[in-house]
Each structure stands twice: as C-alpha cells, then as structure tokens.
Amino acid sequence: MKKLIGALLALVLLVGCATNKNLSPEKAKRMAETTQKVNEALNKQLFTIEVNHVYPQRLPAKALSYGYYVRVTADSVYSCLPYFGHAYRVPYGGGKGLNFAEKITDYVMQRGKDGKINIYFKVNNKEDRYDYRLEVFDNGRAFVDISSDERDRIGFAGMMDIGK
C-alpha cells in the first residue's frame with residue numbers, strides 16, 4: 001500500500017513539474033510581467049494588498065467581501081481591515097481596531113530563495129502597537145499577519161493590486 005501511495009505521489013509531482021515547463025509563451029510572458037510589477041512595487045514601497053480571507057487566532061477562517069486592504073506608501077501604512085478575536089484592553093466602543101493610517105517604523109524587506117518576499121514593520125497609534133509581517137510571492141499572492149499588544153494575532157490572505 002505504501003509503495004502505491006509513493007508511486008502515485010511521484011506521478012503527481014512529475015506531471016506538475018512537466019506542466020510548468022510546458023507553459024505557452026503568452027502565459028510565460030504574463031507571469032514574467034506580473035513578477036516584474038510585483039518586484040517594482042515592493043522595491044518602491046508603494047503597494048496595496050487587497051485581502052479576501054481572514055484567519056483569526058481563536059475563530060474559524062472566513063471569506064471577506066470586497067473593500068479590505070493594506071496599503072504601504074514609503075513611510076506610512078493605511079490599514080482597512082476587520083478584526084475578529086479576543087481583545088484584552090481597548091477603548092470603550094471597540095476603538096479603531098485595524099482601521100487607521102499611521103507612520104511605519106522598523107521597515108525590513110527580505111527576499112527568500114523560494115520566490116517569496118518577507119516584509120516586517122511596526123506601527124504605533126494611541127490604541128495599540130502592531131507588528132505587521134507580510135509574505136508576498138512573485139505572482140502577487142500575499143499573506144498578512146498582524147500581532148499586537150492588546151489583541152489576539154490575526155492573519156489575512158489576498159492579492160497584491162498590480163494595476164492590471
């Protein structure tokens with residue numbers, strides 16, 4: 001049984017690898033253009049990640065409707081994100097949550113070998129201190145992980161808006 005599962009897994013991997021090598025010239029060109037646009041936006045520190053899924057720490061994942069994003073503009077972040085989870089100490093009425101525009105501190109970008117770019121930065125406002133960790137892939141897919149002092153960690157998934 002183990003040999004059968006191993007053989008099937010090897011077959012799936014071989015087919016997957018073969019399909020990537022046999023891309024049409026148009027698709028290969030589109031992928032290269034997307035990678036170039038993603039890298040240019042990240043190098044300029046001018047990009048927007050539109051999120052469509054949320055992953056709260058203590059709740060099940062949810063799909064989100066249109067309109068939630070994280071926008072980075074050189075020295076600032078514009079965060080328009082919902083928050084689901086446990087908050088330890090927040091202002092009466094819930095506060096701003098993850099909806100704010102603030103200056104970024106400690107911005108670091110690291111390129112990985114696997115086509116992934118990791119971005120870390122911190123944001124302070126009157127309500128809390130936030131640590132943002134972004135993982136952006138060459139195809140524009142992105143994951144946003146936010147931890148703070150006064151709320152549970154929360155994650156988001158979406159795509160970078162590369163201006164089609």
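In the predicted model, F137 is classed as partly exposed, with a relative accessibility of 24%. F143 falls in the partly exposed class as well, at 32% relative accessibility. The reason lies in the cut-offs, because the partly exposed class covers what lies between the buried class, under 20%, and the exposed class, over 50%.

A pair of aromatic rings is described by the distance of the centres and the angle of the planes. Aromatic pairs in the model number four. One of them is formed by F121 and Y132, whose rings are stacked, with 5.0 Å between the centres and 10° between the planes. F121 belongs to strand β6 (residues 116-124) and Y132 to strand β7 (residues 129-137), so this pair ties together parts that lie 11 residues apart in sequence. F121 is buried, since its relative accessibility is 2%. Y132 is likewise buried, with a relative accessibility of 1%.

Two arginine residues are placed over tyrosine rings. The charged end of R71 sits over the ring of Y69, at 4.6 Å from the ring centre. R151 is positioned over the face of Y83, with a distance of 5.0 Å to the centre of the ring.

In soluble globular proteins, nonpolar side chains tend to be buried together. The largest nonpolar core of the model contains 30 residues, of which F47, L98, F121, Y132, I146 and F156 touch the most other members. F121 and Y132, named here among the core residues, are also the partners of the stacked pair. The contacts of L98, leaving aside residues up to four places away in sequence, are with S79, C80, L81, P82, Y83, Y130, Y132, I146, I154 and F156.

Strand pairing was examined next. Strand β4 (residues 76-81) pairs with strand β5 (residues 98-111) in the antiparallel sense, over six bridges. Within this pairing, S76 has K103 of β5 as its bridge partner. Strands β5 and β6 are also paired in the antiparallel sense, again over six bridges. Here the bridge partner of V108 is Y120 in β6. The hairpin of β5 and β6 has four residues between the strands, and G115 in this hairpin adopts a positive phi near 80°.

Positive phi values also occur at residues other than glycine. Q45 has a phi near 55° and is located in the loop between α2 (25-44) and β1 (46-56). With a relative accessibility of 23%, Q45 counts as partly exposed. A74, which is not a glycine either, has a positive phi of about 55°. This residue, A74, is found in the loop between β3 (69-73) and β4. A74 is partly exposed, at 45% relative accessibility.

Terms used
Residues are numbered from 1 along each chain as its sequence is written. This is a predicted model: local features need pLDDT of at least 70, side-chain atom pairs count only at pLDDT 80 or more; totals for chains, interfaces and linings use all residues. Side-chain values use heavy atoms; hydrogens and water are left out. Rings of Phe, Tyr and Trp (its six-membered ring) pair if their centres lie within 6.5 Å; planes under 30 degrees apart count as stacked, over 60 as edge-to-face and the rest as tilted. Helices (H or I, at least four residues) and strands (E, at least two) are DSSP runs, numbered from the N terminus. Buried means under 20% relative accessible area, exposed over 50%, partly exposed in between (1.4 Å probe, protein chains only). A charge sits over a ring if NZ of Lys or CZ of Arg is within 6 Å of the ring centre and within 35 degrees of the ring normal. A nonpolar core is a set of buried Ala, Val, Leu, Ile, Met, Phe, Trp, Tyr and Cys residues joined through side-chain atoms within 4.5 Å. Contact means heavy atoms within 4.5 Å. Two strands pair if DSSP finds at least two bridges between them.
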